[in-house]
Amino acid sequence: MKTVFISVLSVLTAFLLASCAGGEEKEEPGSSVNADIHEGDSEGVVSANNELGFRLFNEIEEEENANIFISPTSLSMALSMIYNGAEGKTKEEIATVLQAENIDLETWNEEKAALFSALQRETAQTQLHIANSIWLQDQYRFQQEFAQNTSDYYAAQQEEINFQSGDAARRINDWVAATTNEKITDMVEEPLNPDLVAILINAIYFKGQWKHEFDNKQTEDGLFHLHDGTTKDTPLMMLQADLEYFENKDFQAAVLPYGDEEFMSMRVFLPKENSSLEALKQKLTNETWRDWQSQFQERKGTILLPKFELEFEVVLNDTLKKLGMESAFSRSGADFSTMIEEDDPLWIDQVKQKTFIEVNEEGTEAAAATSIEMETTAAPVDEPFHMEVNRPFFFTITDDETGTILFMGQITDP
């Protein structure tokens, strides 16, 4: 019996999973789920999504004090698709990582579909698009329920493909590039592994114009203090405006809304000089996040924020194993028996995420493929704040209507 595996890829604005449906023509990525099944509440999956992000962020093992930019929403969407093909211990472990242990699969799918639909938005000043695709080796067939669920609930574009053909990598990379506005262009490399059976992809693309744009005439070089004690010249943008602001003994935080509608925002958390980014990260949980969000108040003030551009890539196999998802990566232990019709054993070979973000005076463009009690010491509301982001900081991009954290990251060296 031949052993074969699945590759789960995630890209900032493009997240790879799997797809089955023939045709060489490039199709527009799907953006809407079955209208009959996305009327559910998404509050439970939003909370689970954010918790996954905080746990993931604290487990990623990169170089100490490196820049990091991830999309918990992209990873959660990709894992949710493959969750539909898992059984037994593998299914239980994926549920644990997704924070879905107490929700049955149908309800989880319905809530994810509701969130998928709620997050699709396009206005004159903000764009947020999510797309899923599943690429299946053409000698295999998906089981009907798996194909139906990933289509109905996740609008997954399903493609049959010969991974050994000369144009296989190009077709997949073209799909990723199209869904990420060309920000992610080389998601897979040639030649593809001949034992590859399926690639599942989720892609998220975001572009937002600040509600309060930074005046580029006021952007000036300033000193950014690196973790090792050295400094570097960095362009600091300046904005004076009424912003949602929160300060305690550990950090300052400000909300920078996108667009006049303020559906979405960037939230910037700057540790105090007597604290650190690491100390802040240790406090990141759903509980503290909700507590912090409730304490923001509108204040007049000044923020100086670095301009930055970042590409980030990370393989998440070890991180997901640490979070409890071990059997899915095991040739002998994985159980994806409800995914394909054939009896060949399947396991996940790789979960990878690639991301991109650019922040400047006009706004933000981002793309991606797949905790604790605190004491608050707020400054008087009528006193203007001054927040100079000139040392390592944490930030998120959130959909404020649903409360979903789409992206999160740290900048230690802009």
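Which residue of strand 10 is the bridge partner of Phe246? Ala253 is that partner.

1. Basis. This is a predicted model, in which local features need pLDDT of at least 70, side-chain atom pairs count only at pLDDT 80 or more, and totals for chains, interfaces and linings use all residues. Residues are numbered from 1 along each chain as its sequence is written, and side-chain values use heavy atoms, with hydrogens and water left out.

2. Strand 10 and its burial. Strand 10 covers residues 251-258; helices (H or I, at least four residues) and strands (E, at least two) are DSSP runs, numbered from the N terminus. Eight of its eight residues are buried, so strand 10 is largely enclosed by the rest of the structure. Buried means under 20% relative accessible area, exposed over 50%, partly exposed in between (1.4 Å probe, protein chains only). One side carries Phe251, Ala253, Val255 and Pro257, and the other Gln252, Ala254, Leu256 and Tyr258.

3. Pairing with strand 9. Strand 9 (residues 231-247) runs antiparallel to strand 10, and three bridges join them; two strands pair if DSSP finds at least two bridges between them. The hairpin between strand 9 and strand 10 passes through three residues.

4. Pairing with strand 11. Eight antiparallel bridges link strand 10 to strand 11 (residues 264-271). Phe269 of strand 11 stands opposite Ala253. Five residues lie between the strands of this hairpin, where Gly259 has a positive phi near 75 degrees.

5. Helix 8. In helix 8 (residues 286-293), the buried residues are Asn286, Thr288, Trp289 and Trp292. Seen down the helix axis, they fall within an arc of 165 degrees, so they line one face of helix 8. The arc is that of the directions from the helix axis to the C-beta atoms.
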